[in-house]
Each structure stands twice: as structure tokens, then as C-alpha cells.
Amino acid sequence: MTSQGIRDPLADHLITPQNAAFVFIDYQPEQLAAVRSMDHDLLVKNAVSAVRTVKAFGVPVVHSTVNVASGQVQSTLPELAALLKDDPPVDRTTVNSWEDTEFVQAVHATGRRKIIFCALWTEVCMAFAALDALREGYEVYPVVDAIGGTSLEAHRAGLERVIQAGAQPISWVSLACELQRDWARVETVSTMVEITLTDRLLKE
């Protein structure tokens, strides 16, 4: 069996390490506490797996928090902050990240047109920014099992809203496999096996 040649990683219609950026918004204790659409421990595990995946492939990260500087809420959950130590958060006051100048500048600076979205909550911080990104011509990929809403209905409505606007939902596992694409690309195989199988799918 022979793999086809690697497609142009910039022009590929699928996600590649070279054509995508990852935005990670408001994974803070207060936001997590209000999630009712899925189990909190599972949500955090999935978010950790998503972050580990994009870091393994060198996908640029835009990390943001809200209202930390004002002292109103805590910063990113420690287990996630540890993975993002090289990506300090852009702290905002805006509910919609896309209405914060520094956040939008950071996204533009990645030079990528595909944006992988992880944000709490689905119907607010994910949906608002995703809709604005779509309006600016970006391709948007919400990681559906690494985000959560204030109710199951709210989560579904937030996803449906952005899907109707053109977003393409993915899971953290599909993200990992889409970035890997071919097990013959041996440089990342061991890391991908560890992240997706050893630490998660074969363990739980």
C-alpha cells in the first residue's frame, strides 16, 4: 500500500498544522462551574486532549480569558494553563472575544484562515466570536465535545447557530486524526498514540 503524496498543506481543504490556528477562550473555574451540557471532568479531559494535540503539531494558539485583571474571576484552569505556558492569555472585558482589539490582532497575526474553536460557553463565547470570524471569511471548526453550554439546549442552540452560518463541527479525536492524516508520518505517531489511545480511548 502506498500513501498519496502529501497535499499542499496550505491549500488543503482539510485542517493541517500549516493552515489552522487554535483559539482557546475562557476555560476558567467560574465559567466551568455553570456548564450543564456535559460532565465537567470529561469536558476538561477533552479540552486537555485538544490542547495537547494542537501543541504537538505546532498549531498557533490564541489564548484568552475574561475579567481576570479586574479581579472578578480566576484565570485559566491550572491543568490547561500548564499546557499553555508559552501562550499567555489575552485578558478581556468583552463577552465577545472578537470585540477585543488585542484578541482579533492575535488571530490575524497567525496568518491562518481556518480557526479551531474551544470556548466556554458554547452559546456565548464560542458562538459570538465564531459568527464574527465567519463574517470575516474565516473557516470555523468548533470542537463540540470540548466545549459546554449552560444547558444542553443552550449548547445545541449555540452549535446550530454557528453551523447554519457555515461552521464545521469536529470532535477532539477527529481533530487529532485530521492533523495526523497518515500514520506513515512517523514524527508525530508516538505522540498521537499517547494522546488519543494510551491516555484516553483505551484507558477509559
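How are α7 and α8 oriented to each other, roughly parallel or roughly antiparallel? This is a predicted model, where local features need pLDDT of at least 70, side-chain atom pairs count only at pLDDT 80 or more, and totals for chains, interfaces and linings use all residues. Residues are numbered from 1 along each chain as its sequence is written, and side-chain values use heavy atoms, with hydrogens and water left out.

Start with helix α7 (residues 172-180) and helix α8 (residues 189-201), whose axes come within 10 Å and cross at roughly 165 degrees. Angles over 145 degrees count as roughly antiparallel, so α7 and α8 are roughly antiparallel to each other. Their crossing is left-handed, meaning that the near helix is turned anticlockwise from the far one by less than a right angle.

On the α7 side, Trp172, Val173, Ala176 and Gln180 make the contact, and α8 brings Val189, Met192, Ile195, Thr196, Arg200 and Leu201; contact here means heavy atoms within 4.5 Å. By class, that contact of α7 with α8 has 7 nonpolar, 2 polar and 1 charged residues.

While you're on α7, have a look at Cys177, which sits in this helix. Cys177 is partly exposed, with a relative accessible area of 39% (partly exposed lies between buried, under 20%, and exposed, over 50%, with a 1.4 Å probe and protein chains only).

Now hop over to Thr122 in helix α5 (residues 122-135). Thr122 is buried, at a relative accessible area of 0%. Leaving aside neighbours within four places in sequence, Thr122 is in contact with Ala127, Ile147, Gly148, Gly149, His155, Gly158 and Leu159.

Key:
Axes fitted to C-alpha atoms, helices over the stretch in contact; angles between N-to-C directions. Helix = DSSP H or I, 4+ residues; strand = E, 2+ residues; numbered from the N terminus. Parallel < 35°, antiparallel > 145°, perpendicular 65-115°, else oblique. Nonpolar A, V, L, I, M, F, W, Y, C, P; charged D, E, K, R; others polar.
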